[in-house]
Each structure stands twice: as structure tokens, then as C-alpha cells.
Amino acid sequence: MRLRIDCAYDGAEFSGWATQPGRRTVQGTLEAALATALRVPEVRVTVAGRTDAGVHARGQVAHVDVDPEVVAASAGRSTEPPPQALARRVDGILPPDLRVRRVVEAPVGFDARFSAVWRRYAYRVADAQELADPLVRGHVLTWGRPLDLDAMNEASAPLVGLRDFASFCKQREGATTVRTLLDLDWRRDDAGLVVGSVRADAFCHNMVRALVGCLLAVGEGRQPAAWPAEVMAGRRRDQGVRVVHAHGLTLEEVGYPDDDELAAQAERARARREAIDD
């Protein structure tokens, strides 16, 4: 059976999502806890979106394939449904900076990575002295100058759509930098923090943090609103674009189609990925 796992983590002490030898990662920690809870030698999870070192997640999604008998046996004497009992058992094993929010049997055709139609991130900035809160310093970037959100939204608008984000990505050989940016906007939350919300079908390495760095330069008045679009048109990494710190970035949510569209979406996304890799 395939299980969908919804989880959240504070990325500060993790070297990103993906397993790396000798490093503490979200994937490695979650897989070890699942293997212990299921009483199996090892498990392998597939994730919706790999996060970089220091990046947080509130709405990460993964899946794992396990024999139904193994899941049922792991519940022991619990009266809860086996996936729910597994979630509780795994949470008791995990460290406090990684939590499983729920485990459910996935619908037919579900793939955490390829069935996803979008991922949404938020980047939080404190741009005034009175907004600097030491209790959330691990999740909010402190910025020493006030930001003009109208200018940042003006600069963001031309970046939305199907674009080549080579100017904002750390390129990898054989990988495309073309993405569909669905939303990119800036607002203040109830506490007064600046929150940049960005949603796309997928993201390439460093893309969100580079976009934020570029737009902060506009917000503080160092660059005109037209500058980010000019940078994008260059289609190569611009030395003037600062990649901001990871700790202000959080994966908030992953979007999926209706259950009857999951398999078709996964097939389309997998075909695109294979074409890119070839």
C-alpha cells in the first residue's frame, strides 16, 4: 500500500531534505523513524519538493510504499486505524524539530512528487526595528531598511508565467531552468512582517531565495522596479542578485489535483522530467 505522509520541520539543524552521508537530513531522519516504527530494515520515501539546508517546511508531503501486513502489525494493540497509529508511533520516535502531521492511505495514482501541480513557499522579513522578535529569529530575516511593497509587487508582476529562470537558479548540468511561476506577491501580515508568497509548478535550486534577494533590492530603493525583469531577460546568473539566507523561507503547501486526476498528472509530469533528463 502507498501511504501519504504530511510533515513539518524546522530546517535549522538539517542539511536539507535529501539524504547525505555523514549529515543530518530530514529524509534520513524520517526514514529511520519509519523503519523503526514499521520494524523493517529500511524504507525509502519520495518527497514533493526537496528543501535546501536551513529551509523550513509547514506543509511538506511524501509517500512510502509498504506491505499492508507490515502497517497493520506496526499498530500493535492500538484501536486506531493502522496509518493513524503509525503516525503517532513515528512522532514518538522523531526529534522535536521534525513532526509527522498525518499518515493516510494514498488514493490510487498518488505520487507525492509527480502528482503535485504546485508548491507554495513564503519568505518572511522584519524590515523595522520594532518588528525584530528574538523568539522568531530562526524563521524571519531581519532587514535593516524599510521596504516598499508597492514597488516590490510592481517588480514581481512581469516574472509571473512560463519563464526561463536561469538568472535566478544555480544551474545543474542537463537540467532545465524553465518554470511556470503562478503567483508572486508581497504583503504585511497581522504582526507587520513582510511576507513574500511564491507559487510555481516547481522550483530550481536557489530560485526562491534569489528572487527574494532581487526584489528586496527594489524594495529598499537600490534598484528600479524594472530591474528584476531585466535580470531575467539576461538568462544567466547576475552577480548583482543576492541569494538571501535560508532561514526566512518556509514550504507552506503542496497542491494536488482531484483524486481521479492524480495518475494522469503524475504521468504528464514524469514524461516532462524524462524529456528534460534525456
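Student: At what angle do helix 4 (residues 149-156) and helix 5 (residues 207-219) pack, and how far apart are their axes?

Tutor: Their angle is about 135°, and the axes are 8 Å apart, where an axis is a line fitted to C-alpha atoms over the stretch in contact and angles run from 0 to 180 degrees between N-to-C directions. This is a predicted model, in which local features need pLDDT of at least 70 and side-chain atom pairs count only at pLDDT 80 or more, while totals for chains, interfaces and linings use all residues. Residues are numbered from 1 along each chain as its sequence is written, and side-chain values use heavy atoms, with hydrogens and water left out.

Student: Why is helix 4 called oblique to helix 5?

Tutor: Angles under 35 degrees count as roughly parallel, over 145 as roughly antiparallel and 65 to 115 as roughly perpendicular, with the rest oblique. The angle of about 135° between helix 4 and helix 5 falls in that remainder, which means that helix 4 is oblique to helix 5.

Student: What makes up the contact of helix 4 with helix 5?

Tutor: Ala151, Met152, Ala155 and Ser156 of helix 4 meet Leu215, Leu216, Val218 and Gly219 of helix 5, contact being heavy atoms within 4.5 Å. By class, this gives six nonpolar, two polar and no charged residues.

Student: Why are helix 1 and helix 3 also described as oblique to each other?

Tutor: The axes of helix 1 (residues 26-38) and helix 3 (residues 82-93) come within 9 Å and cross at roughly 120°, and with that crossing angle the two helices are therefore oblique. Among the residues making the contact are Leu30, Ala33 and Leu34 of helix 1 and Leu86, Arg89 and Val90 of helix 3. The contact of helix 1 with helix 3 divides into eight nonpolar, one polar and one charged residue.

Student: How do you know that tyrosine 121 is buried?

Tutor: Buried means under 20% relative accessible area, exposed over 50%, and partly exposed in between (1.4 Å probe, protein chains only). Tyrosine 121 has a relative accessible area of 8%, so it counts as buried. This residue is found in strand 5 (residues 118-126), and an unreviewed UniProt entry annotates Tyr121 as "binding site", although such annotations may be inferred rather than shown by experiment.

Student: Why is aspartate 52 called partly exposed?

Tutor: Aspartate 52 is at 23% relative accessibility, and therefore counts as partly exposed. The residue sits in the loop between strand 2 (45-47) and strand 3 (56-65), and UniProt, in an unreviewed entry, lists Asp52 for "active site". Leaving aside neighbours within four places in sequence, aspartate 52 is in contact with Gly16, His205, Asn206 and Arg209.

Student: What makes proline 96 count as exposed?

Tutor: Proline 96 has a relative accessibility of 75%, and so counts as exposed. Proline 96 lies in the loop between helix 3 and strand 4 (98-105).

Conventions
Helix = DSSP H or I, 4+ residues; strand = E, 2+ residues; numbered from the N terminus. Nonpolar A, V, L, I, M, F, W, Y, C, P; charged D, E, K, R; others polar.
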